[in-house]
There are 2 protein chains.
Amino acid sequence: MTISTEKALHCWGYSDTQFIVHDDRTVELTGKRYEICGSRMPGFIPFVESALGVRLDLTDRPTTSVRVAPEPRRNAAFCDALSAEFSPDRYSFDSDQRLSHSHGQATADEIYAVLYEGLPRVVDMVFYCSSERDAERIVALALAHDVCLIPYGGGTNVTGCLQPPEDTRMVVSMDTGQLNRIEWFNPANRQVCAQAGITGRELEEQLRRHGFTAGHEPDSYEFSTLGGWISTNASGMKRNRYGAIENILDSVSVVTPNGKLETLGNFPRQSAGVQIKDMLFGSEGNFGLITKAVLRVRRLPEIKTFQSLVFPDVQRGVAFLFELSNSSSLPASIRLVDNLQFRFGLALKPAAGRRAQVKSLLQKVLLQRIKRINPSKMVVATIGMEGSAIEVRAQEAALAEIAARHQGFFAGGSNGKRGYNLTFAIAYIRDFMTKLHVLGETLETTLPWDKLLQIVERVIEEARTIHREYGLPGKPFVSYRITQLYASGACVYFTYGIYMKGIKNPGAVASKAEDRLRQTIVRNGGAVSNHHGVGKFRSQLLASVLPAMNAGMIRALKSTIDPKNVFGAQNGVFAAQFGHDRELS
Amino acid sequence: MTISTEKALHCWGYSDTQFIVHDDRTVELTGKRYEICGSRMPGFIPFVESALGVRLDLTDRPTTSVRVAPEPRRNAAFCDALSAEFSPDRYSFDSDQRLSHSHGQATADEIYAVLYEGLPRVVDMVFYCSSERDAERIVALALAHDVCLIPYGGGTNVTGCLQPPEDTRMVVSMDTGQLNRIEWFNPANRQVCAQAGITGRELEEQLRRHGFTAGHEPDSYEFSTLGGWISTNASGMKRNRYGAIENILDSVSVVTPNGKLETLGNFPRQSAGVQIKDMLFGSEGNFGLITKAVLRVRRLPEIKTFQSLVFPDVQRGVAFLFELSNSSSLPASIRLVDNLQFRFGLALKPAAGRRAQVKSLLQKVLLQRIKRINPSKMVVATIGMEGSAIEVRAQEAALAEIAARHQGFFAGGSNGKRGYNLTFAIAYIRDFMTKLHVLGETLETTLPWDKLLQIVERVIEEARTIHREYGLPGKPFVSYRITQLYASGACVYFTYGIYMKGIKNPGAVASKAEDRLRQTIVRNGGAVSNHHGVGKFRSQLLASVLPAMNAGMIRALKSTIDPKNVFGAQNGVFAAQFGHDRELS
């Protein structure tokens, strides 16, 4: 099989990579991109069936019906001006292009919609930006002719940021895929100036050649872009060492709604009055088109290694993380997966040979007898350590010391490495599951330590309640991992799945169910989002907690720089749903 | 001598603490507060004379002439309303109180002015806020009766934030000294909710009793307040471990200019759209009165220890810091002082006994012979390490490993500890020097690594040029230390002094000279400030580098929440000097 670099048109990731099921009910990930590709996994389907409490019919697939996009609205004056300045290959009215630029990667509201139900609205044109000059011109034309612009990066947004707004104007998606160069790299200052459309993968590949890394690694980093990271205030797996996006940005350039390029910020830290640069974090396309940024980078670590830790139960695992989070020398990445997710990881193992089976049996005996670990309660932390030999040794020593106080013990680097690598393959499971009538979604939040497990329990209860109320088959799949540690709280990342076969309007039901779980989080004291953002789908939820002053000041900023609403994506406080008095229930 | 907790009325620090000179030309710091108090320092005056190239006349002192404040403007309706709601001890028209609330701690423009030349403007009243309710009421009254309010914390500001603006209205200083309680402390979330007027010292003392620390330690932390830290975007010595103020703030409460209390933010991190909370960092009194904040705190470290490192010259010292700044396990604090500052530190040592003299001689021989260190070129890094035993061991091991590559070697913990403790005593030297006709000031900035030493050299050259142009006696004192490390740059902190005896308008000359040094920094690519801020004195400098969009958006925010300019301190982009086209030279 040859490796194509082509991205799937609507689904997640590369078009050569997808989960398939064989006649013997084993599952395989096609292609060669990921560690688990090419092996048959006999445990996958049985695990899913057991977790959902249903028997999957592997032959019955929902019928896809990707529709042709409706005729685009064409603002004649804008189109004339555009064709006078740009050659026809720089923009497109093509149906597939317009459809794929009208959604992100949310399951129910976007992927299920585009594949099976039809999108509510479709952009009228896609423009491919290849320079800042392009961006300035297209914004100037949009301003002159009253056209609405939506910035588009890697298309991995999951909050509806890319969903065209209800707007009577012509709506143009500004694709930044060609704005993917590194403009300069300065090792003497450990800075890189990269264009906004560069993906994490492209950025890291180029930095690696110089011996450097930005270390910003969201699960989506193969496809998500620098501009998207800034506008959604993204964070990555290795934040402990490298920081989240707001911790590595020295400056950012943006084409403002009046068509002028502005560069904001200049230093790793300063006290120079209110920093408007920071207003681009979480701006979600409302304030302009981000064209490039200067990031702080670091030398590639001398050592990169993995570890894993087993705890008898989640209470002890969380107590361990809490204590660890008081320290300053954390491993680059540490993620605690709950028992269900741990078992899902096992289900993704290939069919074992005789020798591996014996080894696995021995491990099981060790866990149960010597450590008195209950396999249906134990939880696992997967750990990635980076740094100098001294740093990594100290990280591992600190982990051992603290884990021992919470009945935790090391379970080896291979488990840790596998957990880390699985991250990138797991995203494809959603699309596979959809074909088997299972609608899955992720929900992430920041929770305070003192309510963390209590809120997790409430979410699980609420999922059960929803299941009952809607009369859904089997049981809900709710699993979680704790992926980021802060002194006063942690990021919790839920995976939620419902078997939908025989249910009317599965997309709407799944969307509603998700909303209710998010409301449960926020009502009990969790954040609207840790790193995915607000967009349209969570704007009503944000309205329920955002101080009036906050929304008012964001609107003031917007009306100052964009009185004609050129950047009219309508995300966050600008979403139609925001601030409606309608009860969130 | 009894220890008083009284603060000096105008000068730095406690009233019981000041440098004095004895008839034998030895210098002593009075009181018992600091390590160096009570010993006679014979090297002090000779060092200063040598560094400035002048002979100091210790008997001739400039004549102080603190004036009585002018009659206050009284807005009758406001005063009537105030006296109807508050007892007379809650506010003051007293001259001393009004004078001391009309300046911060900048030398030429504030301290020299208040002591010798007179302040340009004085606030009309001081109001002592003791609750959020007070704050809401006073703001409501100011709004109703068109009065201008200036928040006042510890009075340690050095950028003119506290200088009353040119404003025809009655101007009231809102003193937050009584807003100094801890409202709650939650160890399960490692959070403390403290009122805005609490000083760093008060905060740390109370946290220590619970076994915790906020770790925020600006050099001013005995006197500066939480509210001041937020509004100036402060940073402290132990930022490597504990973060700067923006890294430890979960939420902040503010009485907005319409008299309503708003709480912004809630989590250690979230992606919930544009975070208006962040707009309070660097807001410098323009946006409202900060009343309290929730900070993330940490358990007191198991180990607190000091070290010092000697490098043969500043080039090697900087190369060491650059390499170190790639690491994630830095000591809590590391500061590299230049050769002049190192020698000043030696001059602050008490008169040595015979035994100490021998020891010192042996050290000198060791430095010169074995390590081939030139005492007139060597530089010293003072280091404070905190954390678990594992962490501190790793920090020290990393320091040793990296220092060895740059010909650096450990010079012991006592030097490190002394350097750290001197920080707090050194601030009193300014007031002592002023009495000896030496006007001193500090200038701090963020510099990119690749221009750091070049810009430092330019500043030193410019100081010499100024000295020549103004025909000043002797030579300028310019010393610097590197106090904060970032991946892409570092904070450089200059100490600047000029002998002014016989010079006309010494305050104006010193102020102009400082301006020119700051311009040199900014024109060559340095930041306006790393952590002191902009206020009034640096607003013109800020105007020379701030993008129009940034200033425009700050003004939009202001006019939205404060259309009547109740918080009319006029700092940063609101200063009269900002945006004037007049050339900065």
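Start by selecting the buried residues of α4(A), which pack against α14 (429-435), β18 (438-448) and α16 (506-523) of chain A. Contact here means heavy atoms within 4.5 Å, and buried means under 20% relative accessible area, with exposed over 50% and partly exposed in between (1.4 Å probe, protein chains only). Helices (H or I, at least four residues) and strands (E, at least two) are DSSP runs, numbered from the N terminus. You are looking at a predicted model, in which local features need pLDDT of at least 70, side-chain atom pairs count only at pLDDT 80 or more, and totals for chains, interfaces and linings use all residues. Residues are numbered from 1 along each chain as its sequence is written, chains are lettered from A and ligands numbered from 1 in the order in which they are written, and side-chain values use heavy atoms, with hydrogens and water left out.

Stay with α4 (residues 107-117) of chain A for a moment: nine of its eleven residues are buried. Among them are Ile111(A), Tyr112(A), Val114(A), Leu115(A) and Tyr116(A). Step off the end of this helix and you reach Gly118(A), where phi is positive, near 95°.

**Aromatic rings**

Next, color the Phe, Tyr and Trp side chains. A search of the whole structure gives 40 aromatic pairs over all chains. Rings of Phe, Tyr and Trp (its six-membered ring) pair if their centres lie within 6.5 Å; planes under 30 degrees apart count as stacked, over 60 as edge-to-face and the rest as tilted.

Select Trp12(A) and Phe223(A): this pair is edge-to-face, with 5.6 Å from centre to centre and 85° between the planes. Trp12(A) is in the segment before β1 (19-21) of chain A and Phe223(A) in the loop between β9 (212-213) and α7 (226-232), so the pair ties together parts that are 211 residues apart in sequence. Trp12(A) counts as buried at 10% relative accessibility, and Phe223(A) is buried with a relative accessible area of 4%.

Now move to Phe306(A) and Tyr420(A), whose ring centres are 5.3 Å apart with planes at 55°, so this pair is tilted. It links distant parts of the chain, 114 residues apart: Phe306(A) belongs to strand β14 (residues 303-311) and Tyr420(A) to helix α13 (residues 413-426) of chain A. Both Phe306(A) and Tyr420(A) are buried.

For a group of rings, select Phe19(A), Phe44(A), Phe47(A), Phe344(A), Phe432(A) and Phe477(A), which form one aromatic cluster.

Then jump to Phe44(B), in helix α1 (residues 44-52) of chain B. Phe44(B) is buried, with a relative accessible area of 0%. Leaving aside neighbours within four places in sequence, its contacts include Phe19(B), Val27(B), Phe344(B), Ile429(B) and Phe432(B).

**Between the chains**

Show both chains together. Chain B can be laid on chain A with an RMSD of 0.1 Å by a turn of 180° and a shift of 0.0 Å along the axis, superposing by least squares on the C-alpha atoms of residues with pLDDT of at least 70 in both. That is the relation of a two-fold axis. The same surface serves both copies, as 100% of the contact residues of chain B recur in chain A.

Zoom in on Arg190(A), whose charged end sits over the ring of Phe322(B), 3.8 Å from its centre. Arg190(B) has its charged end over the ring of Phe322(A), also 3.8 Å from the centre. The criterion is NZ of Lys or CZ of Arg within 6 Å of the ring centre and within 35 degrees of the ring normal.

Thr232(A), in helix α7 of chain A, is another stop. Thr232(A) is buried, with a relative accessible area of 13%. Beyond its neighbours within four places in sequence, Thr232(A) is in contact with Asn157(A), Gly282(A), His531(A), His532(A) and Ser271(B).

**Two asparagines to finish**

Select Asn505(A), which has a positive phi of about 50° although it is not a glycine. Asn505(A) lies in the loop between β20 (489-499) and α16 of chain A and is partly exposed, with a relative accessible area of 47%.

Last, go to Asn565(B), in the segment after α18 (548-561) of chain B. Asn565(B) is not a glycine either, yet has a positive phi of about 55°. At 26% relative accessibility, Asn565(B) counts as partly exposed.
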